[in-house]
Amino acid sequence: MNAITSLKSFLLDRVELLGAPFYAHADRLAVPQDDPHDALAAEAPEDHDPADGQAFAIDYVDHAGNASHRRISVWAVQRNVEGVPILIAKCHERQAARAFRVDRITGVTDLDGAKREPLVRFFYETFGFLWPKDAILAPAEEDADVRWDRIRAIIRKAGVTLLAALARADREVGAAEVEEIVFFCERACAAEDLDLTGAERERLAAYVARLRPTAEAVEFALDTLFQSGTEAITTLLRAGMRVISADGVLKEQEAELLDAFCFALTGRHVR
């Protein structure tokens, strides 16, 4: 097994061990007896936009009028022939992949219980699409939205999804781990001549806290990283070392594995 395959296995094994996320309004969770029309095809189309594994709860009404409230982790966005965005996600209530049309999502709640309103703003900030098609965002925020799109593109390429996966390895992500990931993202943006404002940093922290990468999101992120060269790999794995020790508890075995992966891939150590 080569170093790339080993690193993939290391991260994917940790993602697969994650259970359903804690949710402040667990008493509201409910799904219909069956939802076959929302099931994802065995071979999902590859023409999709990555979504990093953003996790939250949705109020959803399926094609038959059945209402549900469920936790999802979104790893891709597709569009149907009508142009309606579809969230491709892991449904934590079904423990399976599902496809959710955004025109059937009637509400979004963060896992800490905070409602996300308006939905048009949430969809745009989180996934970069405008829905409904004729929705109008406040003109005063246009420049901020353009900058946010660029921020998301930069941190995705830098490997924020992989850092989130490492932080989730012990199931809970604390404030120190979020802060370390945000710091990494800030430096990645600065390297692209984009200095974050205080408001953008807060927005980024909320974005990072919602990340709960799926196996699909991790695989996409790893493939992107491996195309970026040894410097990017070294930078990411060094940041990963800081993330896994941010809570004051460093698991020696994980640290040794990250160091071994980095040396095998780049000829450099991260310790």
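The largest share of the lining of the largest pocket, 3 residues, comes from helix H6 (residues 198-210), where helices (H or I, at least four residues) and strands (E, at least two) are DSSP runs numbered from the N terminus. The model is a predicted one, in which local features need pLDDT of at least 70 and side-chain atom pairs count only at pLDDT 80 or more, while totals for chains, interfaces and linings use all residues. Residues are numbered from 1 along each chain as its sequence is written, and side-chain values use heavy atoms, with hydrogens and water left out.

The volume of the largest pocket is about 400 Å³. Lining it are 17 residues, of which Phe 22, Leu 111, Asp 112, Arg 168 and Ala 209 are the closest to its centre. A pocket is here an open set of points on a 1 Å grid over the protein atoms alone, where a 1.4 Å probe fits, with protein on both sides within 12 Å along at least five of seven lines, and lining residues have an atom within 4 Å of a point. Grid points are joined across faces, edges and corners, and a volume is the space filled by probe spheres set on the points. The lining of the largest pocket divides by class into 9 nonpolar, 1 polar and 7 charged residues, where Ala, Val, Leu, Ile, Met, Phe, Trp, Tyr, Cys and Pro count as nonpolar, Asp, Glu, Lys and Arg as charged, and the others, Gly among them, as polar.

The second largest pocket has a volume of about 330 Å³, and of its 15 lining residues Ile 154, Ala 158, Ala 188, Glu 192 and Ala 232 are the closest to the centre. Two or more residues of this lining are given by each of helix H3 (142-158), helix H5 (175-191) and helix H8 (230-244), with the largest share, 5 residues, coming from H8. In the lining of the second largest pocket, 8 residues are nonpolar, 2 are polar and 5 are charged.

The strands form an open sheet of 5 members in the order S4-S3-S2-S1-S5, with antiparallel pairing, two strands being paired if DSSP finds at least two bridges between them. Its edge strands, S4 and S5 (105-109), each pair on one side only. Strand S1 (residues 49-61) pairs with strand S2 (residues 67-79) over 10 bridges in the antiparallel sense, and Ala 57 stands opposite Arg 71 in S2. Strand S3 (residues 85-91) is likewise antiparallel to strand S4 (residues 96-101), over 6 bridges, and Lys 90 stands opposite Ala 97 in S4. The hairpin of S3 and S4 has 4 residues between the strands, and in this hairpin Gln 95 takes a positive phi near 55 degrees.
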